[in-house]
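Me: Please go through the helix contacts and salt bridges of this model with me.

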Amino acid sequence: MTDINRGALRVAVLEGGISDERDISFDSGHAVAKALRGVGYEFVDELDPADDEFLGALANGNYDVAFIALHGRGGEDGMIQSILEYFGIPYTGSDVIASACAADKTVSKALYVRAGIPVARDIVLRDDDDVCIADIVDVVGEECFVKPAVNGSSFGVTLVHNEDELPDALELVFEHDSKALIEERLVGTEITVGVFGSPAQALPIVEILPQEGSEFYGLDVKYIDPSLVHRIPAKISKEDYVRAQELAVQAHEALGCTGFSRSDFIVCDRGPVILETNTIPGMTETSLFPDEARHVGLSLGDVADELIRIALAKAEG
């Protein structure tokens with residue numbers, strides 16, 4: 001374990017940013033900064049990359065490490081990681097390439113397939129493609145999810161029930177991204193599996209409980225009281241539980257993630273099928289990853305402290 005002096009380290013918590021998840025990122029950043037101060041870090045600054053003065057503050061702040069609490073575009077896609085590497089500042093989480101691969105669902109799915117991780121059937125469209133609704137239905141079926149290829153927190157996602165709903169779903173998705181991922185709808189139990197530490201280990205699995213009036217884990221559900229939505233440990237078969245944890249670690253490693261990640265699955269008649277991997281899970285009071293960590297006795301401060309240790313150890317080589 002890397003020996004660090006919490007009281008002397010200067011930490012920049014990066015929050016806000018340029019994505020649809022800006023407000024959520026502020027919540028994560030505030031929570032992380034508070035947790036770091038609570039475990040003995042005395043010099044913790046909160047910086048927003050969207051501020052005009054951000055680059056100057058970063059360059060002149062003499063920071064020993066950056067804790068990235070940015071979600072979505074500009075945070076999880078390798079952009080901020082590239083800037084930090086340019087300035088020579090160690091940072092938490094995955095590197096540029098792993099972040100970029102995980103952020104694009106079409107790229108991550110290709111890596112999942114290569115690693116033998118089960119995925120849903122899909123079709124990929126760009127905003128300038130000629131669209132044939134019949135061809136889409138032939139591949140994924142009438143019931144499907146239409147998602148931005150690069151985005152998070154369910155922004156721009158539509159559950160399509162029949163082919164008549166596809167045109168509006170595509171119009172919405174292209175407001176958020178120039179590339180759309182259309183996946184078959186898998187029916188089963190939705191779960192999420194956090195991966196943490198070095199070496200990477202799976203955390204207890206959270207089951208996402210269905211909510212009245214919501215057909216999937218969307219924006220109207222993600223940020224309500226977690227006790228109403230999260231069941232830990234998930235009530236799935238022992239075989240599926242073990243398999244999902246194994247697959248989450250495999251996904252983490254296939255993408256080249258560092259420190260932590262969180263992969264989402266549907267447990268259906270095929271067993272666990274992966275949906276996506278988040279390289280910077282939410283760190284709010286209602287977020288999934290902190291809930292999983294608490295279940296094994298780790299506070300948010302413990303998690304944030306260990307991620308900084310991993311970042312500094314990686315920088316040391």
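**Helix contacts and salt bridges**

Reply: Cys101, Ala102 and Ala103 in H4 meet Lys105, Val107, Ser108 and Leu111 in H5, where contact means heavy atoms within 4.5 Å. Helices (H or I, at least four residues) and strands (E, at least two) are DSSP runs numbered from the N terminus. This is a predicted model, in which local features need pLDDT of at least 70 and side-chain atom pairs count only at pLDDT 80 or more, while totals for chains, interfaces and linings use all residues. Residues are numbered from 1 along each chain as its sequence is written, and side-chain values use heavy atoms, with hydrogens and water left out.

Me: At what angle do H4 and H5 pack?

Reply: The axes of H4 (residues 96-103) and H5 (residues 105-114) are 5 Å apart; axes are lines fitted to C-alpha atoms, for helices over the stretch in contact, and angles run from 0 to 180 degrees between N-to-C directions. The two helices are roughly perpendicular, a class that covers 65 to 115 degrees. Their packing angle is about 100 degrees.

Me: Is Lys34 buried or exposed?

Reply: Lys34 is found in helix H1, and its C-alpha atom is separated by 8.3 Å from that of Gly301, 267 residues apart along the chain. Buried means under 20% relative accessible area, exposed over 50% and partly exposed in between (1.4 Å probe, protein chains only). With 65% relative accessibility, Lys34 is exposed.

Me: Which residue forms a salt bridge with Glu184?

Reply: A salt bridge is a side-chain nitrogen of Lys or Arg within 4 Å of a carboxyl oxygen of Asp or Glu. Glu184 is buried at 10% relative accessible area, and the closest N and O atoms of its pair are 3.6 Å apart. Glu184 lies in strand E7 (residues 179-184) and its partner in the loop between strand E12 (260-268) and strand E13 (271-278), so the pair ties together parts 86 residues apart in sequence. That partner is Arg270.

Me: How far apart are the closest N and O atoms of Arg309 and Asp305?

Reply: Both residues lie in helix H12, four residues apart, about one turn of the helix. Arg309 is buried at 11% relative accessible area, and Asp305 is buried at 8%. The closest N and O atoms of their salt bridge are apart by 3.1 Å.

Notes: Parallel < 35°, antiparallel > 145°, perpendicular 65-115°, else oblique.
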